[in-house]
Amino acid sequence: MISCSIVVVMSCLEVTYLIQYITFQGSKGAIRDEPLLQLTVPTMFVQGTKDGLCSLESLEAVMKKMKAVSRLHVVENGDHSMKIAKKNLELAGISQEEAEQSAVQAIAMFVSQTVGAM
């Protein structure tokens, strides 16, 4: 099963955070991306590169098919919960908090740009 963890959906000036698990691929390989393909509001995904439940390739393929404007912020070495292994944090010279702050800043920029465009 492949899922993605965070979807930020904006509707006018109200921001709704949908922290949910959206299944793209079932155990028989069927792609179930219809809920995302039906979205018409700007959508942002925050995805870890080591997410065992949703590959970036799967998410990017779905994003290309979406009607809604979508953006992706990648958390390098982040797992499904955006947690980065200590050794990877040390190699990158960052802390978990800094990686999370980067994601928050990307979300804030997305919200600001989206609201500004309305």
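Reader: In which element of the chain is confidence lowest, and in which is it highest?

Author: The model is predicted, and the mean pLDDT of the chain is 77, with 73% of its residues at 70 or more. Over residues 1-23 the pLDDT is below 50, although this stretch has 73 contacts in the model beyond near neighbours in sequence. By element, the lowest mean, 44, belongs to strand S1 (residues 2-11). The highest, 96, belongs to helix H3 (residues 86-92).

Reader: In which sense do strands S3 and S4 pair, parallel or antiparallel, and over how many bridges?

Author: Strand S3 covers residues 43-48, and strand S4 covers residues 70-75. One of the bridges joins Gly-48 to Val-75 in S4. The sense of the pairing is parallel, and the number of bridges is 6.

Reader: What is the handedness of the β-α-β unit that S3, H2 and S4 make?

Author: Strands S3 and S4 pair in the parallel sense. Helix H2, the helical part of the unit, spans residues 56-65. The unit made by S3, H2 and S4 is right-handed.

Reader: Why do the buried residues of H2 line one face of the helix?

Author: The buried residues in H2 are Leu-56, Leu-59, Val-62 and Met-63. Seen down the helix axis, these residues fall within a limited arc, and therefore they line one face of H2; the arc is 130 degrees.

Reader: Which residues are exposed on the other side of H2?

Author: One side of H2 carries the buried residues, among them Leu-59 and Val-62. The exposed residues lie on the other side of the helix. They are Glu-57, Lys-64 and Lys-65.

Reader: Is Leu-56 buried or exposed, and at what relative accessibility?

Author: Leu-56 lies in helix H2. Residues count as buried under 20% relative accessible area. Leu-56 is therefore buried, at 17%.

Reader: Which residues does Leu-56 touch, not counting those up to four places away in sequence?

Author: Leu-56 and Val-74 are 18 residues apart along the chain, yet their C-alpha atoms are separated by 8.6 Å. Val-74 is one of the residues that Leu-56 touches.

Reader: Which residues is Ser-70 in contact with, leaving aside its neighbours within four places in sequence?

Author: Ser-70 has its place in strand S4. With a relative accessible area of 14%, Ser-70 is buried. Met-63, one of its contacts, is itself among the buried residues of H2. The contacts of Ser-70 are Thr-43, Phe-45 and Met-63.

Notes. Residues numbered from 1 in each chain as written. Predicted model: local features only at pLDDT ≥ 70, side-chain atom pairs only at ≥ 80, totals over all residues. Heavy atoms only, no water. Helix = DSSP H or I, 4+ residues; strand = E, 2+ residues; numbered from the N terminus. Buried < 20%, exposed > 50% of the residue type's maximum accessible area, 1.4 Å probe, protein only. Contact = heavy atoms within 4.5 Å. pLDDT = per-residue confidence, 0-100. Pairing = 2+ DSSP bridges. Right-handed = clockwise from strand over helix to strand, strands pointing away. Arc of directions from axis to C-beta.
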